Amino acid sequence: MSGEKKGLEASFKSMDTEEFLDIHFNRPIGYVWALFFQRLGVHPNVVTILSIILGIGAAVMFYYPDMTHTIIGILLLMWANHYDSCDGQLARMTGKKTRWGRMLDGFAGDIWFFSIYFAICLRLTDQPLPFHIGAEQGWTWGIFIWLLALVSGTVCHSKQCTLADYYRNIHLFFLKGKAGSELDNFRQQREIMHSLPWKGNFWWKMFLYFYGNYTRQQEQMTPNFQRFYTFVQQKYGEDIPQDLRDEFRKGSLPLMKYTNILTFNTRAIALYISLLIGEPWLYFVFEIVVMTLLFVYMHRRHEAMCAALYAKYADK
């Protein structure tokens with residue numbers, strides 16, 4: 001049993017960046033699946049593709065308002081999330097970690113939620129507005145639900161997950177170093193893209209272009225961190241003093257709970273509740289109001305921490 005526990009813990013990125021629900025529910029189930037797929041010789045990318053199929057299946061179920069389809073959809077999305085845990089664990093267990101795998105893994109979550117948003121919008125378009133608003137006039141959600149989903153998905157969800165992912169990789173960089181993190185930058189991605197010929201590399205160059213834009217968005221949202229990180233690289237290179245690493249970890253660790261809230265589990269629970277009570281539009285409101293407030297708080301605290309560390313170490 002202890003061997004299994006050690007194997008499970010070894011499949012985590014780090015205990016700093018794992019949340020309670022993942023540690024005690026999603027990761028153990030994902031680990032069982034990872035062991036199963038490892039025995040079969042299945043590549044982690046295949047598991048990711050299976051998670052995409054399950055996520056789309058969940059979205060189809062959420063189109064229907066009855067409880068049976070809703071519960072099936074919830075179970076399918078939970079299954080997809082277990083496979084999302086499994087693919088990363090399997091990659092770390094087998095050493096089959098690739099940039100393509102990371103791209104596909106991030107793409108999977110986007111496909112799930114795009115499909116879910118689309119299904120909810122189709123479901124509600126011709127439905128009456130809540131609380132009997134405009135009941136006498138026969139008002140329906142119409143285009144308004146699509147606009148609500150657009151704001152929720154692009155302005156809120158996308159930026160929230162982008163920054164949360166960045167902060168976790170920053171934390172892992174100072175905790176484990178470059179080898180234990182996926183902390184990339186825009187300039188690096190553009191240099192790689194331009195160094196490759198188009199012939200035989202079309203799809204890889206396209207990925208590098210869009211992934212580069214993704215990293216640029218992360219950098220643009222974090223000016224204080226960029227100044228601090230540039231200073232650290234120029235002064236210390238790869239040999240960052242342990243006391244600086246420890247101090248950064250101490251300030252960053254309390255923010256990891258917000259990065260977890262802003263990614264999947266809390267978001268999924270809010271989605272499940274809104275679907276179970278028959279009011280899926282509430283999920284969009286939750287993302288726009290509650291998650292945005294948490295996003296702003298996390299961002300301000302992280303930027304303030306980086307500004308303070310820069311002022312302290314730049315004066316030494």
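1. The charged end of K205 sits over the ring of W198, 4.7 Å from the ring's centre. Bear in mind throughout that this is a predicted model.

2. Next, the aromatic pairs, which come to 35 by count. One of them joins F118 and W146 in an edge-to-face arrangement, with 5.5 Å centre to centre and 70 degrees between the planes. This pair links distant parts of the chain: F118 belongs to helix α5 (residues 99–124), W146 to helix α6 (residues 143–176), and the two are 28 residues apart. How accessible are these two rings? F118 has 41% relative accessibility, so it counts as partly exposed. W146 is also in the partly exposed class, because its relative accessible area is 30%.

3. Another edge-to-face pair is made by F173 and F174, at 5.3 Å centre to centre and with 90 degrees between the planes. Both of these phenylalanines are buried. They also take part in a cluster held together by ring pairs, made up of Y166, F173, F174, F225, F228, Y229 and F248.

4. Is Q226 buried or exposed? Its relative accessibility is 17%, and buried means under 20%, so Q226 counts as buried. Leaving aside neighbours within four places in sequence, Q226 is in contact with Y166, Q218 and E219. Y166 is one of the residues in the ring cluster as well.

5. Now to D84, which you'll find in helix α4 (residues 67–94). With 22% relative accessible area, D84 is classed as partly exposed; the cut-off for buried is under 20%. Not counting residues up to four places away in sequence, D84 touches S51, D105 and W112. As for G57, which is 27 residues from D84 along the chain, the C-alpha atoms of the two are separated by 15 Å.

6. On to charges. Side chains of opposite charge can pair when their charged atoms come close. How many salt bridges does the structure hold? There are three. Let's go through them in sequence order.

7. R187 pairs with E191, and their closest N and O atoms are 3.3 Å apart. Both residues lie in helix α7 (residues 186–195), four residues apart, which is about one turn of the helix. R187 has a relative accessible area of 63%, so it is exposed. E191, at 47%, is partly exposed.

8. The side chains of E247 and K312 meet in a salt bridge too, at 3.0 Å from N to O. Here the link is between distant parts of the chain: E247 is in helix α10 (residues 242–252) and K312 in helix α13 (residues 281–314), 65 residues apart. E247 counts as partly exposed because its relative accessibility is 26%. K312 is partly exposed as well, with a relative accessible area of 41%.

9. Finally, R267 forms a salt bridge with E287, and the closest N and O atoms are 2.4 Å apart. That pair also links distant parts of the chain, from R267 in helix α12 (residues 265–276) to E287 in helix α13, 20 residues apart. Are R267 and E287 buried or exposed? Both are buried.

Terms used: Residues are numbered from 1 along each chain as its sequence is written. This is a predicted model: local features need pLDDT of at least 70, side-chain atom pairs count only at pLDDT 80 or more; totals for chains, interfaces and linings use all residues. Side-chain values use heavy atoms; hydrogens and water are left out. Buried means under 20% relative accessible area, exposed over 50%, partly exposed in between (1.4 Å probe, protein chains only). Contact means heavy atoms within 4.5 Å. Rings of Phe, Tyr and Trp (its six-membered ring) pair if their centres lie within 6.5 Å; planes under 30 degrees apart count as stacked, over 60 as edge-to-face and the rest as tilted. A charge sits over a ring if NZ of Lys or CZ of Arg is within 6 Å of the ring centre and within 35 degrees of the ring normal. A salt bridge is a side-chain nitrogen of Lys or Arg within 4 Å of a carboxyl oxygen of Asp or Glu.
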